[in-house]
Amino acid sequence: AGHSDVLLGALVTTDDAVQQRLVDHRTLRGAIPGPFEAWLALRGVRTLGVRLARQQETAAELARRLAEHPAVARVRYPGLPDDAGHAVAARTMRGFGAMVAIEPVGGREAATAVTQRVRLWTPATSLGGVESLIERRRRIPSEPTTVPEALLRLSVGLEDVEDLWRDLDAALG
């Protein structure tokens with residue numbers, strides 16, 4: 001819903017037997033949102049378009065700036081023309097999203113330092129809210145080694161792009 005205050009989901013299947021088991025489970029145990037949760041979700045859906053447009057615009061601008069930053073070794077954002085996923089994203093999406101991933105120069109230690117230095121970005125595991133979040137993805141040894149140790153995931157919120165940029169730039173510096 002975009003405000004980090006509701007958790008809902010949907011189960012979809014084309015298998016008739018699975019669908020019947022889901023219906024039976026819901027009927028016997030209940031699995032529907034309450035009125036307040038439904039209202040929260042509706043509130044979020046009503047503003048989704050304007051929120052996502054702003055978040056994508058800000059993410060694209062931050063990705064462009066980060067791609068030129070001397071303290072950033074790599075930027076992953078499908079909106080950048082040289083991103084490996086750009087062609088597919090441009091063909092299949094109406095926007096490039098509000099998630100940006102970066103790898104700072106200096107590896108794991110530099111990435112951890114960035115998450116500790118930011119003031120406006122909140123170090124947290126989530127995405128899609130109105131607040132901007134930052135997370136170093138591979139913090140514990142059991143996480144997949146396919147994730148680079150220095151990878152920072154940025155979930156861009158609704159704050160002013162210049163405020164977000166100043167905070168990131170200072171943390172990277």
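What you have open is a predicted model, in which local features need pLDDT of at least 70 and side-chain atom pairs count only at pLDDT 80 or more, while totals for chains, interfaces and linings use all residues. Residues are numbered from 1 along each chain as its sequence is written, and side-chain values use heavy atoms, with hydrogens and water left out.

**The overall view**

Still with everything displayed, the C-alpha trace spans about 55 × 35 × 35 Å along its principal axes. The protein exposes about 10700 Å², of which carbon and sulfur atoms supply 56%; accessible areas come from the Shrake-Rupley method with a 1.4 Å probe, and for residues only the protein chains shown count as cover. Colouring by secondary structure brings out five helices and five strands, these being DSSP runs numbered from the N terminus, with helices (H or I) of at least four residues and strands (E) of at least two. From the N terminus on, the elements follow the order α-α-β-α-β-α-β-β-β-α. Among contacts with a separation of 6 or more, residues 24 or more positions apart account for 66%, a contact meaning heavy atoms within 4.5 Å.

**Helix α1**

Select residues 16-29, which form helix α1: its 14 residues reach 20 Å from the first C-alpha to the last, close to the 20 Å expected at 1.5 Å a residue, where the expected span is 1.5 Å times one less than the number of residues. At the start of α1, a side-chain oxygen of D15 comes to within 2.8 Å of the backbone nitrogen of A17. After α1 comes G30, whose phi is positive, near 80°.

**The sheet**

Next, select the strands, which make an open sheet of five with the order β1-β2-β5-β4-β3 and mixed pairing; two strands pair if DSSP finds at least two bridges between them. β1 (72-76) and β3 (122-123) stand at the edges with a single partner strand each, so one side of each is left without a neighbour in the sheet.

Now centre on β2, residues 99-104, which pairs with β1 in the antiparallel sense over four bridges. Across this pairing, V75 stands opposite I102, and R74 stands opposite E103. Four bridges also join β2 to β5, and these two strands run antiparallel, with I102 opposite L152 in β5. Five of the six residues of β2 are buried, so the strand is largely enclosed by the rest of the structure.

**T58 in helix α2**

Move to T58, which lies in helix α2 (residues 35-67). T58 is buried, with a relative accessible area of 3%. Leaving aside residues up to four places away in sequence, T58 touches V156, V161 and L164.

**R166 in helix α5**

Finish at R166, found in helix α5 (residues 161-172). Is R166 buried or partly exposed? R166 is partly exposed, with a relative accessible area of 49%. The side chains of R166 and D163 are joined by a polar contact of 2.6 Å, that is, a pair of N or O atoms within 3.5 Å in which, within protein, one must be able to donate a hydrogen and the other to accept it, residues adjacent in sequence counting only if both atoms are side-chain atoms.

Methods. Buried means under 20% relative accessible area, exposed over 50%, partly exposed in between (1.4 Å probe, protein chains only).
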